[in-house]
Amino acid sequence: MADPIHQFEIVNLVPLGKIGSTELYFTNSALFMIVAVGLTALLMLGATAGRQLVPGRLQSAAEVTYEFVENMIRSSAGEEGMRFFPLVFSLFMFILIANVVGLIPYTFTVTSHIVVTASLALIVFFTVLIYGFWKHGVGFLRLFVPHGVPIYILPFVAMIEVLSFLSRPVSHSVRLFANMLAGHITLKVFASFVGGLGGLGVLGWIGASLPLVLVVALTALELLVAFLQAYVFTLLTCIYLNDALHPGH
Amino acid sequence: MDPTAAKFLGAGIACIGMGGAGIGVANIFGSYLAAALRNPSAAQGQFGNLIFGFAVTEALGIFSLLIALLLLFAV
């Protein structure tokens with residue numbers, strides 16, 4: 001039976017040289033990141049190349065995604081959140097396209113590696129931290145001191161707030177990573193049932209039809225998860241950015 | 001006990017915590033659906049809150065998964 005973890009293997013494609021004792025390679029992960037960025041650029045550039053008042057299909061798709069992200073920012077981070085639109089939109093498109101491309105058989109899912117999602121989450125974390133301190137100075141620390149809490153439990157509440165702030169990048173990155181990893185392993189396990197049962201002969205083919213139907217259903221579910229996780233990641237980014245913009249509770 | 005066996009047992013036990021997150025997420029979506037059926041016109045405006053509550057609740061399940069993954073691959 002095929003190993004369900006095999007799909008996450010990093011393959012070195014092109015050697016790029018050495019830095020110190022670390023060898024650098026152009027890997028399949030890097031390739032599919034470039035594919036995700038390329039598809040996003042193709043969609044947005046292709047859609048805006050021949051702009052029309054009444055949008056065609058491609059332009060509609062681009063406009064819908066733009067307005068979707070715009071609504072998300074305006075409703076959760078307010079009007080000032082729009083200055084982070086490029087960051088939020090890039091994150092959303094990159095994660096969405098990477099997730100969806102990863103669903104195609106024999107491709108590589110970039111977001112199923114913790115190093116990628118942790119990098120994305122740390123970008124958001126440090127953006128919030130640096131922008132918060134740059135904009136509000138020490139006032140940013142009001143974030144950890146909720147308004148209207150009795151003074152004798154305030155130290156404990158502040159400690160919990162600090163702890164929850166520090167655990168944000170962990171949950172932010174592991175959520176996306178774990179969802180993609182678990183979903184893809186489930187898919188491959190059920191797919192290996194199809195192969196295993198199908199090899200048993202005619203009776204096995206009848207048995208194999210059940211996991212085959214399940215694989216199709218699970219792929220549909222994974223398509224939903226791919227979108228939902230991109231949405232959740234972006235929404236949480238907006239909510240964290242809201243803390244940087246308006247630190248008072 | 002064999003340390004490797006204890007490691008795998010610990011990872012399995014850590015995953016029990018995800019059941020709590022499952023109850024929490026089910027509670028959020030169930031409550032949302034119940035409220036949305038009572039007042040469908042207000043449901044659309046609460047979708048962001050729904051997803052935010054889902055994400056925050058799910059984070060706790062993710063922490064238990066993290067413990068399991070750490071036990072399996074990092075310890």
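Chain A has seven helices and two strands, where helices (H or I, at least four residues) and strands (E, at least two) are DSSP runs numbered from the N terminus. This is a predicted model, in which local features need pLDDT of at least 70, side-chain atom pairs count only at pLDDT 80 or more, and totals for chains, interfaces and linings use all residues. Residues are numbered from 1 along each chain as its sequence is written, while chains are lettered from A and ligands numbered from 1 in the order in which they are written.

Along the sequence, chain A reads β-β-α-α-α-α-α-α-α, and its C-alpha trace spans about 75 × 55 × 45 Å along the principal axes. Of its 249 residues, 27% count as buried, that is, with 20 or more other C-beta atoms within 10 Å of their own, C-beta atoms being placed from the backbone.

The axes of α6(A) and α7(A) come within 8 Å and cross at roughly 170°, the axes being lines fitted to C-alpha atoms over the stretch in contact, with angles from 0 to 180 degrees between N-to-C directions. The two helices are therefore roughly antiparallel, a term for angles over 145 degrees.

The contact between the chains takes 11 residues from chain A and 10 residues from chain B, two residues being in contact if their C-beta atoms, placed from the backbone, lie within 7 Å. On the side of chain A that touches chain B, α2 (57-77), α6 (168-198) and α7 (202-245) of chain A each give two or more residues, and α7(A) gives the most, with five residues.

The table divides the residues by class; Ala, Val, Leu, Ile, Met, Phe, Trp, Tyr, Cys and Pro count as nonpolar, Asp, Glu, Lys and Arg as charged, and the others, Gly among them, as polar.

| Residues | Nonpolar | Polar | Charged |
|---|---|---|---|
| Side of chain A that touches chain B | seven residues | three residues | one residue |

Note on methods
Angles under 35 degrees count as roughly parallel, over 145 as roughly antiparallel, 65 to 115 as roughly perpendicular and the rest as oblique. A residue is buried if 20 or more other C-beta atoms lie within 10 Å of its own, exposed if 12 or fewer, and partly exposed in between; C-beta atoms are placed from the backbone.
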